Amino acid sequence: MASGGVCPQRPEPTLSFTQGLVVGQLSVVLILAAFIKFFIFGDPPSSDVTASLRATERRARTLAHKQSLLTLRSPGHRHVAQSQSLGRKRSTVLRNPPALTIGSILSKTYYNVDGHQPESLDWFNVLVAQTIAQFRSDAQHDDAILDSLTKALNGTSRPDFVDDIRVTELSLGEDFPIFSNCRVIPVDEDGLTLGNGVRFDAASAARDGTRLQARMDVDLSDMLTLAVETKLLLNYPKKLSAILPVALAVSVVRFSGTLSISFIPSNPSQSTPTMMTFSFLDDYRLDFSIRSLLGSRSRLQDVPKIAQLVEARLHRWFDERAVEPRFQEIALPSLWPRKKNTRGPDDAMADVGSGSVGRSKGKDLGRDLRDGARLKEPCGGEEARDTNPPLRHRRPQGSGEEDDFPMPGSLPGVQLR
């Protein structure tokens, strides 16, 4: 207690309650404005910088995977390829060919992995273009691909805060991928290259587990677009508290990379078919064009942060499925000629009668049959009692020569009666 019985005065607060409330509200508004400006509407980095950063991350992941494989290998660790004997006795009629090795395959096909020039693959590009063109043509009929995409987008994995997804635009593009610079290289049992300066040794290839791998460059510049519409549902504190319409359009504008293809031989003892594996190297480039629209009245268009999130998600989806060290594996069907797979002119005529061919082809074949054959009019005798007269070829008008259009499979000089 102070002298004289007088209490000291307490210091007055510098800001009143109203002033503190105003300052607090202003700080919240400033933080919210900064968040909207820099996080949502901030300028995204350039595509070259983003692609370089992603390529660096993928390369680091690939190098880490290779380093882990090298550490797992013990010195002198080798896999020796041994043929597994079957439980039954081998036939003496079927001669056993010599074991096919990588060296024998390369020598008999005159391919030198160390000095062979890369191929252009122009013929392969034509075949791929025809296949893609047919796929695009088939997708236009009956909306098959549209129904499949709608079912896939509205599957069981759709979260509960997302309403039904509706496809509003679908474009399969107009251009075709270009494959080039194809080369065949030897890789080890883990799919790793032998390294710079290491020459391929055909004699020790089977002992070291070396196999062949085809690598080719792929480049596609096109506009593949998928646009969808949905609604984001806020179910807290009660169901459908708020609804936010969302429209999103994703377009693939450029893809370039290196495709690697290899084969895994079949194993008759385990009943496994021949497998084809393919993957892309980590140096690929994939560019997107993403458009977004949020809201119903006051709409936000092309939010950069949404584009970054969608693009990052698509890159991760692709990396987890088809970028080394991951790969896709496809079982190849048997290529042995079989009767059930044989097709010819007789099968086309039978398909017309059974109605199993396409509508346009059926009309063309039916027209050809009507123009090339006519029913023989029945005359007296036994032919008058024939209710199913045979088909006869129409003879060209003004020609007295023999029939120039024999049936397929008929003998020369033998006429059908």
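R254 is partly exposed, at a relative accessible area of 33%; here buried means under 20% relative accessible area, exposed over 50%, and partly exposed in between (1.4 Å probe, protein chains only). The structure is a predicted model, in which local features need pLDDT of at least 70, side-chain atom pairs count only at pLDDT 80 or more, and totals for chains, interfaces and linings use all residues. Residues are numbered from 1 along each chain as its sequence is written, and side-chain values use heavy atoms, with hydrogens and water left out.

The side chain of R254 meets that of D219 in a salt bridge, 2.9 Å from N to O. This pair links distant parts of the chain, as D219 lies in strand β3 (residues 211-234) and R254 in strand β4 (residues 242-264), 35 residues apart. Strands (E, at least two residues) are DSSP runs, numbered from the N terminus. D219 is also partly exposed, at 28% relative accessibility.

A salt bridge is defined as a side-chain nitrogen of Lys or Arg within 4 Å of a carboxyl oxygen of Asp or Glu. Side chains of opposite charge can pair when their charged atoms come close. A search of the whole structure finds ten salt bridges, among them the following.

| Salt bridge | N to O distance |
|---|---|
| D219 and R254 | 2.9 Å |
| D287 and R285 | 2.8 Å |
| E320 and R321 | 4.0 Å |

In the pair of D287 and R285, D287 is buried, with a relative accessible area of 16%, whereas R285 is partly exposed at 25%.

Methods. Helix = DSSP H or I, 4+ residues; strand = E, 2+ residues; numbered from the N terminus.
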